[in-house]
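Here is a short briefing for a reader new to this structure. Start by looking over the sequence and the model.

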Amino acid sequence: MPQGSARAPAGGAAEAVSPPRAAAVAYDDRIVKMFLGAVILWGAVGMLVGVLIALQIAWWPANLGLPWTTFGRLRPLHTNAVIFAFGGNVCFMGIYYSTQRLLKTRMWSDALSRLHFWGWQTIIVLAAITLPLGMTQSKEYAELIWPIDVLIAVVWVIFGINFFGTIAVRRVKHLYVALWFYMSFVITIAVLHIGNSLVVPATLFRSYPIYSGLTDALVQWWYGHNAVGFFLTTPFLGLMYYFLPRAAERPIYSYRLSIIHFWALVFLYIWAGPHHLLYSALPEWAQTLGMVFSIMLIAPSWGGMLNGLLTLRGAWHKLRTDPVLKFMVVAVSFYGMSTFEGPMMSIRAVNGLAHYTNWVIGHVHSGALGWVGMISFGTIYWLVPRLYNRPLAYPAWPTTHFWLATIGIVLYTVAMWAAGLMEGLQWRQISDTGQLANPIFVDIVHRLAPFYWLRLAGGTMFLAGMLMLAWNVLRTVRGPAPASEPALPLAA
Amino acid sequence: MAENRESGGESEKGYGQFHRRVFEGRSGVFAVAMTVVILIGGMVEIIPMYSAKAGPGRADWVTPYTPLEVAGRDIYIREGCYLCHSQMVRPMRAELLRYGEWTRAPEYQYDRPFLLGSRRLGPDLQRVGGKYPDAWHFEHMRDPRSTSPGSVMPRYPWLLERALDPEDVRASVKALQRIGTPYTDEDVAGVEASVGAQGAGIVASLATAGIEAEPDREIVALIAYLQRLGQDGRRALVRQAGQTPDPVPARPGGGGQ
C-alpha cells in the first residue's frame with residue numbers, strides 16, 4: 001500500500017483544498033466499515049455459490065439431489081448475491097465514504113444510514129432464504145417475490161432521502177462528477193425497480209406481472225439491461241472518479257469529457273434493452289432501436305474508460321509497485337473491453353450466433369469480474385488502511401490476489417468465448433444434405449465439458465482471491481492499532 | 001471544484017461554465033434533468049407496445065392456459081426451468097429444423113411472466129408440446145438420463161411426490177383473471193373440477209405406458225403445461241396452410257402422443 005503523501009493533488013477534488021482533518025466535520029466512517037463487512041461476507045458467499053453452479057454444469061451430480069440446491073434455484077441466488085449483495089454493498093461503502101468527503105459534511109441522518117444498512121442486509125437474508133425455496137418471479141435480477149420488492153422500494157427511498165439530504169446540507173457548492181453518477185444510480189434504480197415490479201399478488205409468495213408476453217419481456221430487459229447500466233456501471237464509474245484519482249494522486253484527465261460522457265451514457269443506456277430480444281417476435285422497430293442505441297453506447301462507455309486511463313498520465317510507473325492501481329487499471333481496461341464486446345454482440349447478425357450461448361455468460365463475467373470485481377478490490381485495498389488507520393496485515397497479498405483474479409478472469413472468459421462460439425456454430429450447422437449436422441442437442445453439450453472445467457478453474461481462482469482479501473481485511477481490522485503516529489495521515 | 005475545472009489543462013479553460021452554473025451548483029435541477037433524460041428511452045419503447053399497430057399484436061387463435069397448466073407453469077418457474085430452456089424459436093433455418101415453426105408474437109399474449117429465457121443449456125421448449133408422450137416427460141423428470149442419455153439436467157423426483165393444492169391453483173387463476181386474462185367466474189369456481197378432469201386424462205395416458213400416477217401430483221401439472229407449449233400456434237399455422245388441423249388435442253386431456 002502506498003504510504004503516500006497527505007493529500008492527493010487535486011485528486012478527489014474537495015480534499016485537495018482542505019484535508020478533512022483540518023475541517024471540523026466528523027465523518028461517519030462507522031457506516032462505511034459496516035458496509036465493508038457486508039461486502040466481505042456476501043462477496044465470499046455469492047462467489048462460492050457461483051463456483052458451485054459452475055460445477056453443476058460440468059458435473060450434474062453436484063445438484064446434490066435436493067430441491068433447494070438444484071441449478072435452477074441456485075443460479076438466481078448467485079446472481080442476486082453478487083450483484084445486489086456484493087456489488088450493492090460495495091457501492092454503498094464507497095458512496096458513504098466519498099459523498100461525505102466530497103460534500104464536506106456528515107451524512108444527513110445517521111439513523112437513516114443504519115436503517116439503510118440493516119434494511120439492505122435483511123433483504124439479502126430474505127433472498128437467500130426464498131430463492132432456494134423456489135419462491136421467484138422468474139425475471140432475471142428481479143426474481144425476489146413481491147413482499148421483498150416492497151421492502152427494497154422502502155429501503156431505497158430511505159437511501160435516497162439520506163443521499164439527497166446530505167447533498168442539501170453540503171458545504172461545497174459544486175457537485176463533483178462522482179456525485180452525478182451516484183445520483184443517476186439512486187434515481188434510475190428506483191424507477192427501474194418500481195416499473196418492473198408492478199404485479200398482482202396471488203398469494204403472499206406468488207404474483208403475476210401487469211404486463212404480458214413480449215411487453216413483459218421488453219419491460220424486463222429495460223430493467224435488466226439497465227441494472228447492468230445503473231447498478232453495475234454508473235455507481236462504479238462514480239467510485240472510479242473518486243478513488244482512482246485519489247490512488248493515482250492525479251486529477252481527472254478531462255472535465256469536458258466527464259460532462260459529455262455522463263449525459264450521453266445515462267441517456268443512451270436506457271434504450272438498449274431490446275438487444276436481449278433480437279430475432280424474437282418483438283416488433284422489428286423496437287429490436288432495431290435496441291441494436292442502434294447499443295452500438296452508440298460504445299462512445300460514452302469509452303469516454304469513461306479513457307477518462308479513467310488517461311488520469312494515470314504521468315503516473316504509470318506507480319503501477320509497478322501499487323496493487324491498488326493495478327486493480328483499478330485492469331478494471332477500467334475490462335470495462336473498455338466489455339463495452340466494446342456488448343455493442344458488437346448487439347449487432348443482429350452477431351447476436352444470431354451469440355444469443356443463448358456461453359458467449360453471453362463470458363461477456364457478463366468479463367464485465368462483472370473484470371470491471372465491477374476489480375474496481376471493488378482496488379477500492380477496498382485503498383480504503384481499509386485509511387479507515388482503520390493501520391497498514392494491511394499482509395501487505396504483499398493484494399499483488400498475489402491481483403494475479404490470481406486476473407488470470408482467473410482470462411481463463412473464465414476465454415473458456416466461455418470458445419464454448420459459446422462452438423455451440424452457436426454447431427447448433428446452426430447444416431450438412432450437405434440440408435439437414436442439421438448436429439441433430440442431437442446433448443452431443444453438443446458434451447463437447448463443451450472441457451470448457452466448463454476450465455471456467456470452473458478460472459472462477460475458483462477468482463474466489464480464492466476474494467477469500468485472500470477477506471482474510472487480509474479481517475486480520476487488519478482485528479490487528480493491533482498503531483501505538484503512536486498514524487501510518488496514514490490521510491485517514492479521517 | 002476548481003481543480004476539477006483545471007484538470008483538462010489549457011484547452012479546457014472556461015469550458016462547462018453553463019454546466020457548472022446550472023447543474024453542478026443546483027442539485028434539484030440536476031436531479032430533475034437526469035430523471036427526464038433517463039425516462040425518454042423507456043417511454044418511447046414501452047408505450048407503443050400497447051398500440052394495436054406498433055405493438056406485438058394479439059390473436060383469437062390463442063387461448064388462456066387451463067388451471068392445471070397454470071399450476072404447471074408455476075412449477076416450471078419455481079424450479080427455474082427457464083434458466084436453461086428458452087421458449088423462443090428464432091426465424092432461422094437451423095432453428096426451424098431443430099425445433100419447428102418460429103414463434104409468432106400472439107403466442108405469448110397470455111404469458112405472465114414471459115419465459116423466453118436467456119440461455120440454452122438445454123434445448124428450446126417453445127414447440128415441445130405434443131413432441132413426446134406424457135410418459136416420456138414423467139420419466140424425464142424422474143431421471144433425465146433415462147430418456148436423454150448424457151443429459152446434464154438434474155433429477156426432479158420430488159415432482160412425483162408433491163401434491164397440488166387446488167386452493168393455491170385457484171388463487172393463481174383468480175389473480176390472472178384480475179389482471180385481464182379472460183377467465184370467467186365459472187372458470188375460477190370450477191378450478192378443482194377442471195384440474196381433476198385434465199389430470200385424469202394425463203393419468204390415463206401414463207397408465208397406457210404402465211406408469212401409475214396420482215392425478216393430484218405436481219408432475220401431472222407440469223406435463224400438462226409442457227404438452228401445451230406451442231400448440232395453439234402450431235394448429236393455427238396448420239389451419240392457415242389449409243391442411244387438416246392437427247388431431248392432437250392440447251386440452252383438456254393434456255394432449256400429445
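Axes are lines fitted to C-alpha atoms, for helices over the stretch in contact, and angles run from 0 to 180 degrees between N-to-C directions. Two packed helices are described by the angle between their axes and the distance between the axes. The model is predicted.

**A helix pair in chain A**

- Helix α2 (residues 30–58) of chain A packs against helix α4 (residues 110–130) of chain A at an angle of about 10 degrees.
- The axes of these two helices are 10 Å apart.
- Angles under 35 degrees count as roughly parallel, so α2(A) is roughly parallel to α4(A).
- On the α2(A) side, the contact is made by A:Ile31, A:Met34, A:Phe35, A:Ala38 and A:Trp42.
- On the α4(A) side, A:Ser113, A:Phe117, A:Gln121 and A:Ile124 make the contact.
- The residues of this contact divide into seven nonpolar, two polar and no charged.
- Not counting residues up to four places away in sequence, A:Phe35 touches A:Asn89, A:Phe92, A:Met93, A:Tyr96 and A:Phe117.

**The nonpolar core**

- The largest nonpolar core has 219 residues.
- Its residues with the most contacts inside the core are A:Phe35, A:Val39, A:Leu218, A:Met328 and A:Ala331.
- Helix α3 (residues 71–103) of chain A gives the largest share of this core, 17 residues.
- Chain B takes part too: domain 1 (2–50) and domain 2 (67–240) of chain B each give at least three residues to this core.

**The fold of chain B**

- Chain B has twelve helices and zero strands.
- Of its 257 residues, 46% count as buried.
- Take the contacts in chain B between residues at least 6 apart in sequence: 71% of them join residues at least 24 apart.

**Where the chains meet**

- The contact takes 78 residues from chain B and 83 residues from chain A.
- On the side of chain B that touches chain A, the elements giving two or more residues are α1 (2–6), α2 (17–24), α3 (27–46), α4 (67–78), α5 (93–99) and α8 (166–179) of chain B.
- The largest share of that side, eleven residues, comes from α3(B).
- The residues of the side of chain B that touches chain A divide into 37 nonpolar, 20 polar and 21 charged.

Notes: Residues numbered from 1 in each chain as written. Chains lettered and ligands numbered in written order. Predicted model: local features only at pLDDT ≥ 70, side-chain atom pairs only at ≥ 80, totals over all residues. Helix = DSSP H or I, 4+ residues; strand = E, 2+ residues; numbered from the N terminus. Buried ≥ 20, exposed ≤ 12 C-beta atoms within 10 Å, placed from the backbone. Contact = placed C-beta atoms within 7 Å. Core = buried A, V, L, I, M, F, W, Y, C linked by C-beta atoms within 7 Å. Domains from an automatic or database assignment. Nonpolar A, V, L, I, M, F, W, Y, C, P; charged D, E, K, R; others polar. Parallel < 35°, antiparallel > 145°, perpendicular 65-115°, else oblique.
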